[in-house]
Amino acid sequence: MFCPTYKLPTKTLLQNIGVNETFTAGDFPVTVKEIQNNGGKFTGKGFIVVPYLADTKIAVAFEGITINTNYQLIEGVVKTTYDPNWENVESIDEFIDDLIDSLGGLLDDIIDFY
């Protein structure tokens with residue numbers, strides 16, 4: 001009879017982690033961008049990269065999590081941040097309009113030059 005083996009994560013807690021370091025939450029590496037340490041319990045913000053969404057970066061936040069010395073989340077939750085008003089998302093329409101205005105002004109300058 002085949003019995004799969006499962007290796008339990010180490011329970012030795014990480015005491016410090018810094019900005020731009022990475023830990024794993026499930027299958028996702030979390031890159032830390034803001035961090036506060038409260039005796040080995042970490043609160044902060046970061047991002048994950050989702051490969052099946054064309055390597056899209058998604059902002060995340062966490063509060064009171066613990067990480068082991070293998071940089072694995074062993075207690076707590078990492079949540080994606082969500083803004084229902086989309087205020088933290090740039091409008092591509094505005095960007096395109098600004099680009100067209102800039103190019104139009106540049107073309108006018110070139111025509112005036114010649």
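A search of the whole structure finds 1 aromatic pair. For the rings of Phe, Tyr and Trp (its six-membered ring), a pair means centres within 6.5 Å; planes under 30 degrees apart are called stacked, those over 60 edge-to-face, and the rest tilted. The pair here is Phe23 with Phe62, and it is edge-to-face, with 5.6 Å centre to centre and 90° between the planes. Phe23 belongs to strand 1 and Phe62 to strand 4, so the pair ties together parts that are 39 residues apart in sequence. Strands, when I name them, are DSSP runs of E with at least two residues, numbered from the N terminus.

Before going on, a note on the source. This is a predicted model, in which local features need pLDDT of at least 70 and side-chain atom pairs count only at pLDDT 80 or more, while totals for chains, interfaces and linings use all residues. Residues are numbered from 1 along each chain as its sequence is written, and side-chain values use heavy atoms, with hydrogens and water left out.

Phe23 and Phe62 are both buried, where buried is under 20% relative accessible area, exposed is over 50%, and partly exposed lies in between, for a 1.4 Å probe and protein chains only.

Next, the core. A nonpolar core is a set of buried Ala, Val, Leu, Ile, Met, Phe, Trp, Tyr and Cys residues joined through side-chain atoms within 4.5 Å. The largest one has 13 residues, and Phe23 and Phe62 are among those with the most contacts inside it, as are Ile17, Val30, Phe42, Ile65 and Ile67. Two or more residues each come from strand 1 (22–25), strand 2, strand 3 and strand 4. Strand 4 gives the most, with 4 residues. In soluble globular proteins, nonpolar side chains tend to be buried together.

What does Ile17 touch, leaving aside its neighbours within four places in sequence? Its contacts (heavy atoms within 4.5 Å) are Phe23, Val32, Ile35, Phe42, Ile67 and Tyr71.

Now Leu13, in the segment before strand 1. Leu13 is partly exposed, at 37% relative accessible area. The C-alpha atoms of Leu13 and Ile67 are separated by 5.9 Å, although the two are 54 residues apart along the chain. Beyond four places in sequence, Leu13 contacts Thr66, Ile67, Asn68, Thr69 and Ile74.

Thr66 sits in strand 4 (residues 56–67) and is buried, with a relative accessible area of 4%. Its contacts, again not counting residues up to four places away, include Leu13, Lys41 and Glu75.

Lys41 and Glu75 form it, with their closest N and O atoms 3.1 Å apart. Lys41 is in strand 3 (residues 41–50) and Glu75 in strand 5 (residues 73–75), so the pair ties together parts that are 34 residues apart in sequence. Lys41 is partly exposed, at 34%, and Glu75 is partly exposed too, at 44%.

Another lysine, Lys57, lies over the face of Phe47, 4.7 Å from the ring centre. The rule asks for NZ of Lys or CZ of Arg within 6 Å of the ring centre and within 35 degrees of the ring normal.

Phe47 is also one of the residues touched by Thr31. Thr31 is in strand 2 (residues 28–38), and it counts as buried because its relative accessibility is 16%.

Definitions and conventions: A salt bridge is a side-chain nitrogen of Lys or Arg within 4 Å of a carboxyl oxygen of Asp or Glu.
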